[in-house]
Amino acid sequence: MKNTVSTLLEQKQSGDKITMLTAYDSTTAAIMDECGVNAILVGDSLGMVMLGYENTLPVTMKDMIHHTAAVSRGARSAFIVADMPFMSYQTDVRDAVINAGRLVKEGGANAVKLEGGSEVCEQIRSIVNASIPVVAHLGLTPQSVNAFGGFRVQGRSLDKARKLVNDALEIQEAGACAVVLEGIPSKIAEIITQKLAIPTIGIGAGCGCDGQVLVYQDMLGLTTGHTPKFVKCFADAGALIRKGILAYISETKSGAFPSVEHTYSVKEDVISQLMKECG
């Protein structure tokens, strides 16, 4: 069964937690789809985990369409959400609608995600009016890294917590079908989840949200360097990959690979004739 805006809403209403992971290629998306993940986020996090950028800001529409199309070809049941990259929607409403449309038409996304609260409600409203579902994103919004002065937990003061709640209500009123809550205290996320009729998807926002999302490289131990507090490694795939690469290097250098079972044969008379011809 295809996961949709309606099925995700039904999950919130029934208390069935929504599962979401990031993916950026067809193979990974197909595996996630086979496992039954409800939603796949083609995040602009690809700038960091796939393209090697320091943050998400350099990611382009071309990047997002390319990776979203790959994911949409691999997943059949998951609800596919594509991030709108930095400056693809902040400039004006017209740009927002055109770029959202490209992610759906060219990328195959089922919905788009954009960051911000009250300041992007006009964009949300216009995109929704174009029949494109919108997932909002509040809290630690990575595209605002320079304004925040780094990747910092949001909503710890009363004023900022109040703004998060108000922004959540405003983006819901604007027509968002769900909201990602990132890097905020769990109690604040619980309050927002209880007040909203639309699903909340948490990342670093505690278990009180209607669902969770993680970057798949983080949850499979495929990243190096700093790991955020909210990340849990569910399988150390990085260690397994390293083991396989080291074994490949060793067997290739020793001549153990490829062995007979990995090579193709040819009739001896063909070889004999070829050797005569080659002198």
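These legends accompany several close-up views of a predicted model.

**Figure 1. An overall look at the predicted protein.** Let us start with the whole chain before zooming in. The protein contains 12 helices and 8 strands. Along the principal axes, its C-alpha atoms fill a box of roughly 85 × 40 × 35 Å. Of the 279 residues, 45% count as buried. The accessible surface comes to about 14900 Å², and carbon and sulfur atoms account for 56% of that surface. If we take the contacts between residues at least 6 apart in sequence, 58% of them join residues at least 24 apart.

**Figure 2. The largest pocket and the elements that line it.** This pocket holds about 1300 Å³ of space. Its lining is made up of 48 residues, and those closest to the pocket centre are Glu182, Ile203, Pro228, Phe230 and Val231. Among the elements that give two or more residues to the lining are the strands β1 (18-22), β4 (111-115), β6 (178-182), β7 (200-203) and β8 (211-214). Helices α3 (46-49) and α10 (216-219) likewise give two or more residues each. Strand β8 gives the most, with 3 residues. By residue type, the pocket lining divides into 22 nonpolar, 16 polar and 10 charged residues.

**Figure 3. The largest cavity and its nonpolar lining.** The model has 1 cavity of 30 Å³ or more, and about 50 Å³ of space lies in the largest cavity. The residues to look for around the cavity are Leu8, Ile18, Met20, Ala39, Phe79, Val81, Val135, Ala178, Pro199 and Ile201. The lining consists of 10 nonpolar residues, with no polar and no charged ones.

**Figure 4. A tilted aromatic pair formed by tyrosine 24 and tyrosine 216.** The model has 2 aromatic pairs, and this view shows one of them. The rings of tyrosine 24 and tyrosine 216 lie 6.1 Å apart, centre to centre, with 35° between their planes. Tyrosine 24 sits in the loop between β1 and α2 (26-35), while tyrosine 216 belongs to helix α10, so the pair ties together parts of the chain that are 192 residues apart in sequence. Tyrosine 24 is buried, with a relative accessible area of 1%. Tyrosine 216 also counts as buried, at 11% relative accessibility.

**Figure 5. An edge-to-face aromatic pair formed by tyrosine 248 and phenylalanine 257.** In this pair, the centres of the two rings are 6.3 Å apart, and the angle between the planes is 65°. Phenylalanine 257 is partly exposed, with a relative accessible area of 35%.

**Figure 6. Serine 88 and the residues around it.** To finish, this view moves to a loop. Serine 88 lies between β3 and α5 (93-105). Serine 88 counts as buried because its relative accessibility is 3%, and the cut-off for buried is under 20%. Setting aside neighbours within four places in sequence, serine 88 is in contact with Met61, Asp95, Ala96 and Asn99. Isoleucine 98 is 10 residues away from serine 88 along the chain, and the C-alpha atoms of these two residues are separated by 9.0 Å.

Terms used:
Residues numbered from 1 in each chain as written. Predicted model: local features only at pLDDT ≥ 70, side-chain atom pairs only at ≥ 80, totals over all residues. Heavy atoms only, no water. 1 Å grid on protein atoms, 1.4 Å probe; cavity = no way out; pocket = protein on both sides within 12 Å on 5 of 7 lines; lining within 4 Å. Points joined across faces, edges and corners; volume = space filled by probe spheres on them. Helix = DSSP H or I, 4+ residues; strand = E, 2+ residues; numbered from the N terminus. Nonpolar A, V, L, I, M, F, W, Y, C, P; charged D, E, K, R; others polar. Buried < 20%, exposed > 50% of the residue type's maximum accessible area, 1.4 Å probe, protein only. Contact = heavy atoms within 4.5 Å. Areas by Shrake-Rupley, 256 points an atom, 1.4 Å probe, with all protein chains shown as cover. Phe/Tyr/Trp six-rings, centres within 6.5 Å; stacked < 30°, edge-to-face > 60°.
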